[in-house]
Amino acid sequence: MDRRDFLKASALSAAAASVLARGASADDTDPLDPAVREQVGSGVTWDKAPCRFCGTGCHVQVGVRNDRVVAIAGDRQAPVNRGLLCVKGYHVGLALYGGDRLTRPMLKRGDTHVPISWDEALGIIADRIEGNPAGFAFYGSGQWTIPEGYAAQKFMKGGLSNNHIDPNARLCMASAVTGFISTYGVDEPASCFDDLEAAKVVLIWGNNPAEMHPILFSRMVDRRGRGEALRLIDIGTRRTRTTGFADDYLEFRPQSDLAILNGILHLLIAEDTYDHDFVERHVAFRREESGPDLMGIATDFDTFRASVAEYTPERVQEISGVPAAKIRMLARLFADREQRITSLWCMGPNQHTRGTGVNRLLHAIHLLSGHWGRPGDGPQSLTGQPSACGTAREVGTLSHALPGGLVVANPAHREHAEEIWNLPAGRVNGTPGAHTVEMWRRFSTPASDGGDIDTIWVQVTNPAHSLPNVDKLFTPSRGIPGKFLIVSDVYPTATARAADLILPSAMWVEKNGMVGNSERRTQQWFKMVNPPGEARDDAWQTIAVARKLFDRGHQGMRDKDANFIFRVNDAAGAEVPIWDYRHYYDVNVDEHLFEEYRRFTRYKHKDLAPYAEYVRARGLRWPVVEQEGVWTETRYRFVEGEDSYVEAGTGVQFYHSTSNDGRAQVWIQPYVAAPEEPDAEYPFWLCTGRVLEHWHTGSMTMRVPQLRRAMPEAYVELNATDARRLGVENGDLVRLETRRGSMDIAAWIDGRGRPPEGSLFVPFFDERRMVNQLTLDAHCPISKQPDYKKCAARVVCIPRQAGSRE
Amino acid sequence: MRRAAPVLLAGVAVVAAIGFFTGTARPAELRGYLPVADDDGALRTAPTQRDMEAARYAERRAGQLAALEGMAAIENADAPRDPAAYAATIAQRQGTRAYDGAPPTVPHAVDQHGAPACLACHAEGLTVDGRVAPMMSHARFESCLQCHTTSSSGPPRTAGLAPSMSEVSSFVGLRDPEHGTRAWPGAPPTMPHRSFMREQCQSCHGARARGLLPGHPWRESCSQCHAPSGTLDQQPRGTLAPLQGLRVEGR
């Protein structure tokens, strides 16, 4: 069988599989509608898929003709976006068609990459694993689909007894996780996006949803067009597009969010406006024992009160720069029981060296004031990747976790995993593996100096571009003999270009998939077009390597009954050779992996419904519980009448409470200074982030002409006063320097955002302007999430040359 | 209080008197602009604030109009559909859309920062100096730049900065549908595109539109005759059983 036969065969089997899998829903055209006849006559078929980009979880309708995506429409039946999209979503289909898609496995020989066969590639990976099993690590992503992440998770922890698996989501929401776990005993937001319509006041903490979560933002501000009142309060470190819509703008000195939050807590107590009833029934107080730790020890209200006493409005003003009157304004909003207050946050509080602390305090202001658990009234943490929640957090592709909110350190949890996976006792390793920063530090350190990780397999992410302080964590590895980097990707990203072995991947609707958004909504789609060339599904790649090891006699790839750990049977009970890509779509592998994974989800009441339910729905929010034969989703967790696990008569019940009494924890979390603050040598704060048009490292969106033309190049935002003082004009090239690196970049004054004096902002999408050569790898000691939002920098003018600007 | 009032009145009168005499005492020539000596020693009249504003505005206006080259309005709304104008309109539409149904890109500069003032021109539609600002085709949303991007303003571009990746896209978008279907010759054609987000037919087919003008521009209620597509509009499929036909006994 040559390549063409093979492609034809796989196309046929894929088409057959998708038709079979769709069953009753295949009939989505109306034969009586002449307009449809026209469209169908020209060969366009439409099907649903969640958008490929952020964590909002919008659904799109994908128009396909002749095995290619030709159009996109907002999905009107999707509760998240109701037919509307943002500019990235409208152009998501174009992300498949960049001119430099990777289509063949390639091995680095000298300075070039030479094409090799898939079989050779799988053999090389198996060799690396067998050569040094403990030195192998898997670096994944919040863009892994749920089945992809689950396959990698089972391969590593169930197959290789190796916990060196971590996702890039460590860099974006680890602090949210530790915030939820230490407050409620279990991860993920209890509230949901319905709050955006019900809230009277929305507080936006260090976040710019007008650009980062545009659909959620439009759900809020479009209420004004309907005549509804909504008060938007932007609490940030620079003016953004969001500020343009805000009623109040509170500008704080970076890191002092800790002080503002403590200031609110102080006033609620000092003015005796906290919710006595809610606190009495649902709140316990907690503090860290000696240093930063996840679970801490119990404390009492008086100790708590004493701990926040110093944060008077005047003291908070001194630390944060926010006027004392505005701190009082915030506290009095929380004092008003009639208000419905939603707090939104994303990277600002998460990418923070006290990320866990800020997250705890955000929950604390809502818990202490009783603004918790009513529609429109509660804390809502947002995520930036399509499945940061679904895969990284729920499947638990983190170095310490197991699926369904379980952890490797707990023997009962390991036993539960071994039982579901049908593995011999003791297969799962009880010692957490290396988290992201640690994994890459060890990979970029010679073995002789303790750098014991020598092979990393990267899927669906671009660490050479997105890790903080890349010249410390990534670049050195490329010069150390014996370090081997494997990258599965769709485009030659900075990471792929630096890889020893490149594997071409299928993306988005070129494969089946499932993801989970930031309101606990699990979503599903089917493969609609074939991937180009020899590009293949990431989950297949993992399973094929597992099979290669199995065939070589690796005991870890066998379960208790000596069966392959990814064994899939057909309807007749015969094993389907899914490791052979020609047969991968003979069955729906996603469905098999998901149904197995689903068994993990009941342990922590994160129940998922059967696969078929997600085929019908535009996502369902877990826990999805069967009630009288109907799979019912949950809008508000821990709330009686909404969450079926809450006992009648309790109103609110935190049934995973770490104090074992149904209470949530309000933490003592004092303000501490940032590890690197501006000084005489480096007088500016440097903040990094995203822009509306580009998603993450731009490897997809920079290849979409409409998006690239609108935002072709990264820039540094400079305050006009600073610019005048430095003699910098709009468009001048300046040199940014930190203690870690330097970079030349064009200045944009009064541009998209406006930082205050003494502050800079650089978006990170442009691989020609790698701002992560400048950022700090200091991280939250509990969540291990680095702080990309603040470090000290200086601006050096580059003498202007004739023609240096367009 | 009773005693304070006359004191206050007296004070006001004194201030008013001083103001009056100061005002009339000012020499009249100070009201105009003083001549300024330039480098060559000749005296010139400085431009007025109004002149300066007008000059700046004319420059900006010329730039904006040049950016809107493709948006020329039709000369005569009553003329029959011109095939050349139709082709030009379709080409112009495709230039600003990745595929039929994509939100058009904005062909002029916008304020990058604040809430945009798009509605000032696009709420009702506008013709300025022969260029059309089309009426919004959809209901009012607040965050316009969420969907509509522009390449006419944005960050500064660094001269000579080479692309680091392929800028070629092999995406081929769905083209604008040319016409709907007719049940019989002379029947009103159905809408060949979705009507969701295109509720305002006038946006593309109205008197300010070019090339896509209907043969009967005086008609106001389009959907009275032109049927939309339930499927293209993603109307949910019901679960109702099909209607039973008439049963006639003895057949």
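Mentor: The expected span of a helix is 1.5 Å times one less than its number of residues. This is a predicted model, in which local features need pLDDT of at least 70, side-chain atom pairs count only at pLDDT 80 or more, and totals for chains, interfaces and linings use all residues. Residues are numbered from 1 along each chain as its sequence is written, and side-chain values use heavy atoms, with hydrogens and water left out.

Trainee: How do you know that the reach of helix α17 of chain A is close to the one expected?

Mentor: Helix α17 (residues 355-369) of chain A has 15 residues and spans 22 Å from its first C-alpha to its last, close to the expected 21 Å.

Trainee: Why is α17(A) called mostly covered?

Mentor: Buried means under 20% relative accessible area (1.4 Å probe, protein chains only), and 15 of the 15 residues of α17(A) are buried.

Trainee: Why are α11(A) and α13(A) called oblique to each other?

Mentor: Helix α11 (residues 257-270) and helix α13 (residues 301-308), both of chain A, pack at an angle of about 120°, with axes 9 Å apart. Angles under 35 degrees count as roughly parallel, over 145 as roughly antiparallel, 65 to 115 as roughly perpendicular and the rest as oblique. The two helices, α11(A) and α13(A), are therefore oblique to each other.

Trainee: What makes the contact between α11(A) and α13(A)?

Mentor: Contact means heavy atoms within 4.5 Å. On α11(A) the contact is made by A:N262, A:L265, A:H266 and A:I269, and on α13(A) by A:F301, A:F304, A:R305 and A:V308.

Notes:
Chains lettered and ligands numbered in written order. Axes fitted to C-alpha atoms, helices over the stretch in contact; angles between N-to-C directions. Helix = DSSP H or I, 4+ residues; strand = E, 2+ residues; numbered from the N terminus. Buried < 20%, exposed > 50% of the residue type's maximum accessible area, 1.4 Å probe, protein only.
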